[in-house]
Amino acid sequence: MAGPRLPVPRLAGVSQEQFMQQLYPQRKPLVLEGIDLGECTSKWTVDYLSQVGGRKEVKIHVAAVAQMDFISKNFVYRTLPFDKLIQRAAEEKHKEFFISEDEKYYLRSLGEDPRKDVADIRKQFPLLEGDIKFPKFFKDEQFFSSVFRLSSAGLQLWTHYDVMDNVLIQVTGKKRVVLFSPRDAQYLYLSGTKSEVLNIDNPDLDKYPLFSKARRYECSLKAGDVLFIPALWFHNVISEEFGVGVNVFWRHLPSECYDKTDTYGNKDPTAASRAAQILDRALKTLAELPEEYRDFYARRMVLHIQDKAYSKNFE
């Protein structure tokens, strides 16, 4: 089990002005109810999506197990026509399958050329655009991407962070989302932007003893709920039912802060990447010293980083 369980606050009837002036500056997750999302929550049934989405080929993750691991890659990439994917993902058992009759499917929509283009539901699924309204929590020029997501029931995505603010619009189905503060990163056993701890409900504390110190923020999302996920907050998503959602990402920092090659919204800001490269060079230099000296000066470097870079304004 992780550390203390804390509920993500839920608020209804929040205006754009109230969100931006009072809630957004707090930089904490928040579930918003009663946001006008258009007709998508009632229209996006399996039959409707199959018909409107058409037979466009989409690239999907297929997993034989419920807990997907991006580090060990315990899934395969396959392609299916969109309408066939919708029908299969809504099934419990499959007559047609790639791995097994109870395999799980996950779609994260991509740009036309994923190396250059960001996902935008208005471009990849133009017939769905008129059904959904994005919450106006950002200026038009800040918009980065809108990602259509689809998950089989029971599928659990790995814990990870993104570098941009975003909202997860739960259009249909139910999800459980567990979040961890950026201040608890040292307890999450990171590999890049992702945590090595897959089973967050029953973690192996012999292998990951520090995970028990991580504060756990949890919420359940139903159709029509909107979860605000601030940049750098780790999140783990469990689909309790088959359902679809849309993530909307926006740039809350000046555009020059972001990596221009980032089409997913998860590459570290350019200054952070440069700092990491400089640190790697410093550590290679330290390796020239005997162990006793290397240990001593490494500890001094950590103390120096804490003194100069850690903020005292966050919990």
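Two strands are taken to pair if DSSP finds at least two bridges between them, and helices (H or I, at least four residues) and strands (E, at least two) are DSSP runs numbered from the N terminus. The model described here is predicted, so local features need pLDDT of at least 70 and side-chain atom pairs count only at pLDDT 80 or more, while totals for chains, interfaces and linings use all residues. Residues are numbered from 1 along each chain as its sequence is written, and side-chain values use heavy atoms, with hydrogens and water left out.

Nine strands form an open sheet with mixed pairing, in the order E2-E3-E13-E8-E15-E7-E6-E4-E5. Strand E2 (10-12) and strand E5 (75-81) stand at the edges; each has a single partner strand, so one side of each is left without a neighbour in the sheet. From one strand to the next the twist averages 25°, where axes are lines fitted to C-alpha atoms (for helices over the stretch in contact) and angles run from 0 to 180 degrees between N-to-C directions.

Strand E3 (residues 30-33) pairs with E13 in the antiparallel sense over 3 bridges, and Leu30 stands opposite Phe228 of E13. Strand E8 (residues 165-170) and E13 are also antiparallel, with 4 bridges, and Val226 in E13 is the bridge partner of Ile169. In a regular strand the side chains alternate between the two faces of the sheet. In E13, Val226 and Phe228 point one way and Leu227 and Ile229 the other way, and all are buried (buried means under 20% relative accessible area, exposed over 50%, partly exposed in between, with a 1.4 Å probe and protein chains only).

H4 is mostly covered, with 6 of its 8 residues buried: Phe82, Asp83, Leu85, Ile86, Arg88 and Ala89. The cover over these buried residues includes helix H3 (46-53), E4, E5, E6 and E7. One of the buried residues of H4 is charged Asp83, whose relative accessible area is 13%. Leaving aside its neighbours within four places in sequence, Asp83 is in contact with Ser50, Gly54 and Arg55.

Helix H3 has its own buried residues, namely Tyr48, Leu49, Ser50, Val52 and Gly53. What covers them includes helix H2 (40-43), H4 and strand E15 (243-250). After H3 comes Gly54, with a positive phi near 75°.

Positive phi values also turn up in loops. Most residues other than glycine have a negative phi, and most peptide bonds are trans. Lys73, in the loop between E4 and E5, has a phi near 55°, a positive value in a residue other than glycine. Leu232 has a positive phi of about 80° although it is not a glycine, and lies in the loop between E13 and strand E14 (234-239). Lys73 counts as partly exposed at 40% relative accessibility, and Leu232 counts as partly exposed at 40% relative accessibility.

Turning to the annotated region, the unreviewed UniProt entry lists residues 123-267 as "domain: JmjC"; UniProt positions are given in the numbering used here, feature names are shortened, and annotations may be inferred rather than shown by experiment. Over residues 123-267 the chain is 1% helix and 34% strand, and the end C-alpha atoms are 23 Å apart.

The axes of helix H6 (residues 270-286) and helix H7 (residues 291-309) come within 10 Å and cross at roughly 155°. That makes H6 roughly antiparallel to H7 (angles under 35 degrees count as roughly parallel, over 145 as roughly antiparallel, 65 to 115 as roughly perpendicular and the rest as oblique). Leu279, Ala282 and Leu286 of H6 meet Arg294, Tyr297, Ala298 and Met301 of H7 in this contact. By class, the contact residues divide into 6 nonpolar, no polar and 1 charged, with Ala, Val, Leu, Ile, Met, Phe, Trp, Tyr, Cys and Pro counted as nonpolar, Asp, Glu, Lys and Arg as charged, and the others, Gly among them, as polar.

Conventions: Contact = heavy atoms within 4.5 Å.
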